[in-house]
Amino acid sequence: MRVKNNSTTILLPFLLLVFVVASLLCPVACSLSEFGNNQTFRPLEELRKLRKIRKHLQQINKPSVKTIQSPDGDIIDCVVSHRQPAFDHPLLRGQKPLDPPERPKGHKSEEMNENFQLWSFSGESCPEGTIPIRRTTEQDILRASSVSKFGRKLMSSVRRDTTGDGHEHAVGYVSGDQYYGAKASINVWAPLVENQYEFSLSQIWVISGSFGDDLNTIEAGWQVSPELYGDSFPRFFTYWTTDAYQATGCYNLLCSGFVQVNNKIAIGAAISPTSSYNGGQFDISLLIWKDPKHGNWWLEFGSGVLVGYWPSFLFSHLGDHASMIQFGGEVVNSRSSGSHTSTQMGSGHFAEEGFAKASYFRNLQVVDWDNNLIPLNNLKVLADHPNCYDIQGAINNVWGNYFYYGGPGRNVKCP
């Protein structure tokens, strides 16, 4: 008696099911194939990746009591303060944000409009006891090379002695002492970024440790990062790491770390207005300092608005003090077209053009061991590739220590 082969009968419904699932998952699944740098679509692999992405989204997108639609397309969730991502950390679980610390002596809050972000133009605001968090989407994570690398900087994002990694800087810096904070007003522009895998930022770095695996940094400023945010708006951001950008730390509130205490500022949200060439100039004043009582590192914006703090236990070397402060710009030059990138730093114009044309940092200060905010006495300036991006420092009675910096990237002298 012949036994009928049923393998085809069994296989066909399975293949049909796979085809239907694949159809339903596009465009997400099709994007996932790019996400994995894999030209072949494999439904089961894509399903696993999609589950991993959605699990990660559940971790960082917390339940909200109110949702605000920003004019730029962002969704802002108003999350109860003690339910923000920071409190997923084992050492913070069950706690609430700390009360404000003592400000550094000699600190004068600059008069600035708190409504400097596009989402606040809607007229909506987050209730007291909540914080605004920019919602992360599947597409945000899909633009990253992997779930584990989403929201993280690549290594070598601090100016070192060698620069062969595509990161280029124009910075002012101080070193050789113990530092307990830094302050500056940072001119805000919307520089052109050539492709999705490059960025342009202007920030303050608070640094300790060697430039090996034990590097500790706290960072804040503005950045244009198409990969992270999906657009070309300059955005207010924070960052931290305690192992040279390897496994610890993240941008903004994309992991447990930074504790936000403010209900008016959304970290990672777009800044408006921005400066224009030969036109109006806009800057943001940022202060980072170590609370002498509890040892946490606090961030203040503008007119005395406390944004939040990095708990001291996150760090090894920065648990005590910083050994270097950097101010300035950084870009990624991927040389995707075989020549230097045309990604701009700052305004996209060189330092020599001066006010309203070149970008600037002004009123540079540091915090000393006794919680005094003091002027710099040994500011050094350095540009990795001065034909592409340069910097010029100076001092006067109005701006104190300041510098102009930036450039267009690719040009006749920067091929």
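Cys 78 counts as buried, with a relative accessibility of 0%. In this predicted model, Cys 78 is joined by a disulfide to Cys 126, with an S to S distance of 2.1 Å. The count of disulfides comes to three.

**Disulfide of Cys 78 and Cys 126**

- The torsion about the S-S bond is -80°, and the link of Cys 78 and Cys 126 is left-handed.
- Because Cys 78 sits in strand E2 (residues 75-80) and Cys 126 in the loop between E2 and strand E3 (130-134), the pair ties together parts that are 48 residues apart in sequence.

**Disulfide of Cys 250 and Cys 255**

- The sulfur atoms of Cys 250 and Cys 255 are 2.1 Å apart and form a disulfide.
- Its S-S torsion is about -80°, so the disulfide of Cys 250 and Cys 255 is left-handed.
- Both Cys 250 and Cys 255 are buried.

**Disulfide of Cys 388 and Cys 414**

- Cys 388 and Cys 414 are joined by a disulfide, S to S 2.0 Å.
- Here the torsion about the S-S bond is about 95°, so the link of Cys 388 and Cys 414 is right-handed.
- Cys 388 belongs to the loop between strand E16 (380-383) and strand E17 (390-396), while Cys 414 belongs to the segment after strand E18 (400-406), so the pair ties together parts that are 26 residues apart in sequence.
- Cys 388 counts as buried at 5% relative accessibility, and Cys 414 is buried with a relative accessible area of 2%.

**The sheet that holds E2**

- Four bridges pair E1 with E2 in the antiparallel sense, and Ile 68 stands opposite Ile 76 in E2.

**Nonpolar cores**

- As a general point, nonpolar side chains tend to be buried together in soluble globular proteins.
- The largest nonpolar core here has 83 residues, and those with the most contacts inside it are Ile 204, Phe 236, Ile 284, Trp 310, Ile 325 and Phe 327.
- Strand E13 (residues 322-332) provides the largest share of this core, six residues.
- Leaving aside residues up to four places away in sequence, Trp 310 touches a set of residues that includes Ile 218, Glu 219, Tyr 239, Trp 240, Trp 297, Trp 298 and Phe 315.
- A second, separate core has twelve residues, among them Ala 86, Phe 87, Leu 92 and Tyr 180.

- Strand E7 (residues 216-224) is mostly covered, with nine of its nine residues buried.
- Asn 216, Ile 218, Ala 220, Trp 222 and Val 224 point one way from E7, whereas Thr 217, Glu 219, Gly 221 and Gln 223 point the other way.
- Two residues of E7, Ile 218 and Glu 219, are among those that Trp 310 touches.
- E7 pairs with strand E6 (residues 200-208) in the antiparallel sense over nine bridges, and Trp 222 in E7 is the bridge partner of Ser 202.
- E7 also runs antiparallel to strand E8 (residues 235-241), joined by seven bridges, and Thr 241 in E8 is the bridge partner of Thr 217.

Key: Residues are numbered from 1 along each chain as its sequence is written. This is a predicted model: local features need pLDDT of at least 70, side-chain atom pairs count only at pLDDT 80 or more; totals for chains, interfaces and linings use all residues. Side-chain values use heavy atoms; hydrogens and water are left out. A disulfide is a pair of cysteine sulfur atoms within 2.5 Å. Buried means under 20% relative accessible area, exposed over 50%, partly exposed in between (1.4 Å probe, protein chains only). Two strands pair if DSSP finds at least two bridges between them. A nonpolar core is a set of buried Ala, Val, Leu, Ile, Met, Phe, Trp, Tyr and Cys residues joined through side-chain atoms within 4.5 Å. Contact means heavy atoms within 4.5 Å.
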